[in-house]
Amino acid sequence: MLFKEEQKFGKWKIIPILLIAVIGLFILLLREGFETRPNSIVLACVLVFVSLVGVLILKSKLETSIDKYAIRYRFFPFISNWKRIEKEHIQQMEVVKYSPIADYGGYGYRFSFRNGRALNTGGNKGLKIVYNQNKKLLIGTKKPAELEQAINEFLAVNKE
């Protein structure tokens, strides 16, 4: 194994959202009880939805590994099975600095018509891969120096 990384979203970013949603739902129930007023039902649904999205984000995990044959990744729960990109399918790859908002529209499992897919949990550095007839993928990293070294070893091993 040349490189292995596991990333999660920072809890400090999600927990305040969850707390606000749960407190809002609690206050709504105290104020309105279980009466069926249309505004209360809509607000309760929104708060439950926000809570579920927060839990989904808390459970998300981006995993990347590189061995001498391929690059593997998964982003649970969005991509639950390992995806594998074989060396012979890679046209270009490099560790890059990017703008998550400008280039991909934020963090998570993202898509841009211009830049392709991005899988990231934070930061602004990642492995940019062009493979299989110009498909583009960016996998975020919090270990850019280690990833750069692994990519160099990966390319060197496969040249032999």
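Two residues are in contact when they have heavy atoms within 4.5 Å of each other. In the predicted model described here, Ile66 touches Met1, Leu2, Phe3, Ile71, Leu127, Leu147, Ile151 and Phe154, with residues up to four places away in sequence left out of the count. Across the protein, 55% of the contacts between residues at least 6 apart in sequence join residues at least 24 apart.

The protein contains 4 helices and 9 strands. Along the sequence these elements follow the pattern β-α-α-β-β-β-β-α-β-β-β-β-α. Of its 160 residues, 37% count as buried.

In soluble globular proteins, nonpolar side chains tend to be buried together. The largest nonpolar core of the model has 22 residues, and those with the most contacts inside this core are Ile66, Ile71, Tyr73, Met93, Leu127 and Ile129. Two or more residues of the core come from each of S2, S3, strand S4 (79-86), strand S5 (90-97), strand S8 (125-131), strand S9 (135-140) and helix H4 (144-159). Helix H4 gives the largest share, 4 residues. Another core lies apart from this one and has 5 residues, including Val96, Tyr98, Tyr104 and Ala118.

Side chains of opposite charge can pair when their charged atoms come close. The structure holds 3 salt bridges. One of them joins Glu63 and Arg74, with 2.7 Å between the closest N and O atoms. Glu63 belongs to strand S2 (residues 61-66) and Arg74 to strand S3 (residues 70-76), so this pair ties together parts that are 11 residues apart in sequence. Buried means under 20% relative accessible area; Glu63, at 10% relative accessibility, therefore counts as buried. Arg74, at 22%, counts as partly exposed.

A salt bridge also links the side chains of Arg114 and Asp103, with an N to O distance of 3.9 Å. Arg114 is in the loop between S6 and strand S7 (116-120), while Asp103 is in helix H3 (residues 100-104), so the two residues tie together parts that are 11 residues apart in sequence. Arg114 has a relative accessibility of 57% and counts as exposed, whereas Asp103 is partly exposed, with a relative accessible area of 24%.

The side chains of Glu86 and Arg84 likewise meet in a salt bridge, at 2.5 Å from N to O. Glu86 is partly exposed, its relative accessible area being 23%. Arg84 is partly exposed as well, with a value of 43%.

The largest pocket holds about 230 Å³ of space. Its lining is made up of 12 residues, and Phe9, Ile14, Val53, Ile57 and Tyr107 lie nearest the centre of the pocket. At least two lining residues are supplied by each of helix H1 (11-32), helix H2 (38-59) and strand S6 (108-112). Sorted by class, the lining comprises 8 nonpolar, 2 polar and 2 charged residues.

How values were computed. Residues are numbered from 1 along each chain as its sequence is written. This is a predicted model: local features need pLDDT of at least 70, side-chain atom pairs count only at pLDDT 80 or more; totals for chains, interfaces and linings use all residues. Side-chain values use heavy atoms; hydrogens and water are left out. On a 1 Å grid over the protein atoms alone, a cavity is a set of points where a 1.4 Å probe fits but cannot get out, and a pocket is an open set with protein on both sides within 12 Å along at least five of seven lines; lining residues have an atom within 4 Å of a point. Grid points are joined across faces, edges and corners, and a volume is the space filled by probe spheres set on the points. Ala, Val, Leu, Ile, Met, Phe, Trp, Tyr, Cys and Pro count as nonpolar, Asp, Glu, Lys and Arg as charged, and the others, Gly among them, as polar. A salt bridge is a side-chain nitrogen of Lys or Arg within 4 Å of a carboxyl oxygen of Asp or Glu. Buried means under 20% relative accessible area, exposed over 50%, partly exposed in between (1.4 Å probe, protein chains only). A nonpolar core is a set of buried Ala, Val, Leu, Ile, Met, Phe, Trp, Tyr and Cys residues joined through side-chain atoms within 4.5 Å.
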